[in-house]
Amino acid sequence: MMKETNSKIKSGDATSGRATELFSQHQQDIYKSTDRMFAVLMTVQWIAGIVAAYWISPRTWIGSLSQTHLHVWAAVFLGGAISSLPILLAITRSGRRSTRYIIAVGQMLMGALLIHLTGGRIETHFHVFGSLAFLSFYRDWRVLVPATIIVAADHFLRGFFWPQSVYGVFAASQWRWLEHAGWVLFEDTFLLIAIKRSVSEMWDIAERTAESETLTEDLEAHVVQRTAQLAATNKELESEVAERKLAEEALRDSEGRYRLLFESNPLPMWVYDLEVLTFLAVNDAAVRHYGYSSNEFLGMTIKDIRPAEDVPAMLDNISNRPAGLREAGVWRHQKKDGTLMDVEITSYPLSFAGRGSALVLANDITERKRAEEALHRSESQLRQALKMEAIGKLAGGVAHDFNNLLTAINGHSEMCLRRLTPEDELYRHVEGIMKTGERAAALTRQLLAFSRKQILQPQVMDLNSVVVELSKMLQRLIGEDIDLLMGLDADLGRVKADPNQLEQVLMNLCVNARDAMPKGGKLTIETGNVRLGEEFAGEHLSVPPGDYVMLAVSDTGCGMDALTQASIFDPFFTTKEVGKGTGLGLATVYGIVKQSGGSVWVYSEVGQGTTFKIYLPLVEGSVEKLKVDTGVPELLSGVETVLLVEDEEVVREMAMEVLQECGYQVLEAKDGSDALQVARQHAGEIHLMLTDVVMPRMSGRELTKQLTPSRPDMKVLYMSGYTDDAIVHHGVLDEGTAFIGKPFSMHALARKIRETLDAPVAV
Amino acid sequence: MDSNFVPDCPDLMLPSRPRRKNARLVLLLSTVMWAALVATGLWWLWGYENAPGVGAISPSQWPSQSRIQLAPNGPTLVMLAHPHCPCTRASIGELARIMTHSQGEVRAYVLFTRPEGSPEDWEKTDLWHSAADIPGVTVVKDSEGVEARLFNAATSGQTVLYNTRGQLLFSGGITGSRGHFGDNAGQGSVIAILKSEVPGQTETSVFGCPLFNPQSECKVLNDEGNK
């Protein structure tokens, strides 16, 4: 507080001093400026005096003579003398007190001169009062003193020496001059008052100016301080602005990136209004994917890209949508060209331009779905293959042993029947045994067929001829209630397949059709050349695209539902009553066709019927002549030496007995090693080796390899119920290999032996 | 402080004491000389202003040879004037004031002297017209100053006043000094006579230009009353 007071006192002293300084400076300025005005005024007065003298009294006359009037010379010289010093001082010593005193004297003397030059006109006397007023411009009362003295002295002196010229009388009072001086003093009084007030005002102005300057200084200091603060604040603001700009740029970059993410997202994206369902924004992928332009999209609703039948479900889905991100599932969408596609929808609610909206990501999964379906099919097929493989292994294992047993059973039964007559009491029983054995053999063949483990002997063939040759038997097979219709393509291409197996296929399909038409109907067998496209071949048939020969078997039966269709090729699946079907028919068909490189396609409608279509690859080449069983009842005989190699004793004994009965010389071996030894010990030629394929320690193929070098002319006939790939590859018998499958009949064996021996030697 | 600031004591602000002293001395001497010169000039001018012209002994009886007719029913005032004399402007002005005061009780004539050989209308100056404009004043050309000589006038502005009987009532100038307007003894006396009052003076000095050339018959008097 004390410090502040001292500061104010100091500030007051400084202001007072500054006020004095300002007052003096102002006063001096006034003095100088008034000096300059008087310098000008006195010059003008001098000139005016000359003009007035020259105008009023240019010349003086004496009769007819004249000369320049004395007033003119007085105006020039005396006026110049009066004005000279004041003007000179006003110029050279402006502002000084002596200057203004001399100016005051000069001005009043100039007034006296002018009055004289104008003939003492009363009007000119106003010059005196005007001069006093002008002198008061100095705002220095002391200037009026010499001026007043000059006026008084003028009147006093002239009144004293020439009273008539001043007072109009020859003898005026000696105090008369005071009357004149009194009027001058009268004016001086007012001028003094005015000067005093003016000086007071000057002081006020000076003080106010000083105070104003002090305030200004304070204000300037404050301004400087505030300016510094503002500069600092400005700097902070600039920094903030820069940061804000950076943030805005970052935001713009971010917006740009997110816009880029939206617009260049490879997946179709759009924003739609939740209320009116109109598109609000779409990205390029949506435009490309759906075929609509951006403008077209913006004039559409999301209902427009859906099939009409899906719109109610979509509206229901939107009305019941939960908040937040959600998977809206898979929907069908329709492109501009009408193509339907499956899209997986993910949506997220947001506010877009102030409107309740949803961002939608549409992932076209049409191809993925197809791939999944294809994968599903492949998996099913793989499962089926694995299942078939397992069943095949089982069937193979069973068939190997079972066929050996059946070979013995059927062989011995056949031999018994050869020794018996139908009249014999045992004949019927042995015949029963043999028939049962044949049925068991057929069952075993079917097991191998559907598990694709049977041995095929494919050849180029005409499918029509198979159908035609089998047609009579088929007609008998299906009965009279069913009409058998044929639609065979005369220009049917060739296929390479095992004719016997294809007969089996056709019979199985016909039997199946027959069973589907218990009340009769029509069974149609058609053939034709078809070209399978990539899509159909791959998706529906799992075969390579290309040219195929089609065999179609159609019925007008009860048909099948989808569930049944899915299982009809499974082994042991049947819709027939127990005991009426083995469940292996269509499985066998499927196995044979697949093993032949073809495919089966089924189309069925419940109550309408079923169509099976078999597709077999079309091949080039001439038809090979079918080997027809001559049906000769007699055993074909020979005298050649046959090496019989069979590890199964019952089969070996039966075969040896058949061969001996046919006249052959038989060398018996119980396995490979034994056969090698027998062969070494036998000095003579061995014309043929009849050997089992699957044997312990040494297979039939290995045995052949070891014997062939020493006996290159020896022919080999393999026999087997199941080969285990020893002589077959993928079910197909090696080229040039003779083979007879177990179980075989006596006649079949004798015929096969004979054919093998008679066959030309391969070069 | 402003570098132009000079306090109210300028003589003390000179750069050095000797120069300042010399300057003051020069200023003082200059002032004294100036004052003396001006005083002399003014004194001389005032002297000139108050120096009267040649006075006249006007005839005490109206000159019978005069072409001017004496007014039968009132005083007759005659002013003898030089048409180009600047000092006479004040006399004409004072005459106008007299005529204003007389209110038609006096017949006034202003006789403008026209020297011999003067150009035509030489006398028709502004003074002529000013005088002619005064009500009750008759302006008359006085060729070769015949009338002036009859009234013994030698200085412009000489004014004489006669009564109806031709007796001189006043003679002299009606201005206080040369070309000087304002109340004066001559003017006041004429007005007093016209008001039948006792005039202060019946004779006054005349301030004006000589009416005649120096070599003319009418000699210029150097002092009032001396021929």
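# Reading helices, sheets and chain contacts

Author: Let's start with a helix on a sheet: helix α19 of chain A (residues 672-681) lies across β15 (641-645), β16 and β17 of chain A, and runs at about 155° to β15(A). Helices are DSSP runs of H or I with at least four residues, strands are runs of E with at least two, and both are numbered from the N terminus. Angles run from 0 to 180 degrees between N-to-C directions, with axes as lines fitted to C-alpha atoms, for helices over the stretch in contact. This is a predicted model, in which local features need pLDDT of at least 70, side-chain atom pairs count only at pLDDT 80 or more, and totals for chains, interfaces and linings use all residues. Residues are numbered from 1 along each chain as its sequence is written, while chains are lettered from A and ligands numbered from 1 in the order in which they are written.

Reader: Which strands make up the open sheet of chain A, and in what order?

Author: Two strands pair if DSSP finds at least two bridges between them. Here, five strands with parallel pairing form an open sheet in the order β16-β15-β17-β18-β21. β16 (665-669) and β21 (738-741) of chain A stand at the edges with a single partner strand each, so one side of each has no neighbour in the sheet. On average, and ignoring direction, neighbouring strands of this sheet are turned by 20° against each other. For one pair in detail, look at β17 (688-692) and β18 (715-720) of chain A, which run parallel and are joined by five bridges. Met689(A) is found opposite Val716(A) of β18(A).

Reader: How do strands β1 and β2 of chain A run, parallel or antiparallel?

Author: Strands β1 (residues 59-62) and β2 (residues 65-68) of chain A run antiparallel, with four bridges joining them. Trp61(A) has Ser66(A) of β2(A) as its bridge partner. This hairpin has two residues between its strands, and Gly63(A) takes a positive phi near 65° there.

Reader: How should I read the packing of two helices?

Author: Two packed helices are described by the angle between their axes and the distance between the axes. In this model, α14(A) and helix α17 of chain A (residues 585-595) pack at about 145°, and their axes are 9 Å apart. The crossing of α14(A) with α17(A) is left-handed, a term for a near helix turned anticlockwise from the far one by less than a right angle. Among the residues making the contact are Val505(A) and Leu509(A) of α14(A), and Leu586(A) and Ile592(A) of α17(A). The contact residues divide into seven nonpolar, six polar and no charged. Nonpolar covers Ala, Val, Leu, Ile, Met, Phe, Trp, Tyr, Cys and Pro; charged covers Asp, Glu, Lys and Arg; the others, Gly among them, are polar.

Reader: How many residues of α14(A) are buried?

Author: A residue is buried if 20 or more other C-beta atoms lie within 10 Å of its own, exposed if 12 or fewer, and partly exposed in between, with C-beta atoms placed from the backbone. In α14(A), 13 of the 18 residues are buried, so to speak mostly covered. The length of this helix (residues 499-516) can be checked too: at 1.5 Å a residue, its 18 residues should span 26 Å, and its end C-alpha atoms are 26 Å apart, which agrees. The expected span is 1.5 Å times one less than the number of residues.

Reader: Why is Thr99(A) buried?

Author: Thr99(A) is buried because 26 other C-beta atoms lie within 10 Å. Its place is in helix α3 of chain A. Contact means that two C-beta atoms, placed from the backbone, lie within 7 Å. Beyond its neighbours within four places in sequence, Thr99(A) is in contact with residues including Asp35(A), Leu89(A) and Arg93(A).

Reader: How many residues of chain A are in contact with chain B?

Author: On chain A, 40 residues are in contact with 45 residues of chain B. Elements including α1 (2-56), α2 (70-92) and α3 (97-117) of chain A each supply at least two residues of this side. By class, the side of chain A that touches chain B has 16 nonpolar, 18 polar and six charged residues.

Reader: What does the secondary structure of chain B come to?

Author: Chain B has five helices and five strands. Of its 227 residues, 46% are buried. An open sheet of chain B has five strands in the order β3-β2-β1-β4-β5, with mixed pairing. Its edge strands, β3 (137-143) and β5 (168-172) of chain B, each pair on one side only. Seven bridges join β2 (residues 107-114) of chain B to β3(B), and these strands run parallel. Helix α2 of chain B (residues 88-102) packs on the sheet, touching β1 (76-81), β2 and β3 of chain B, with its direction at about 165° to that of β1(B).
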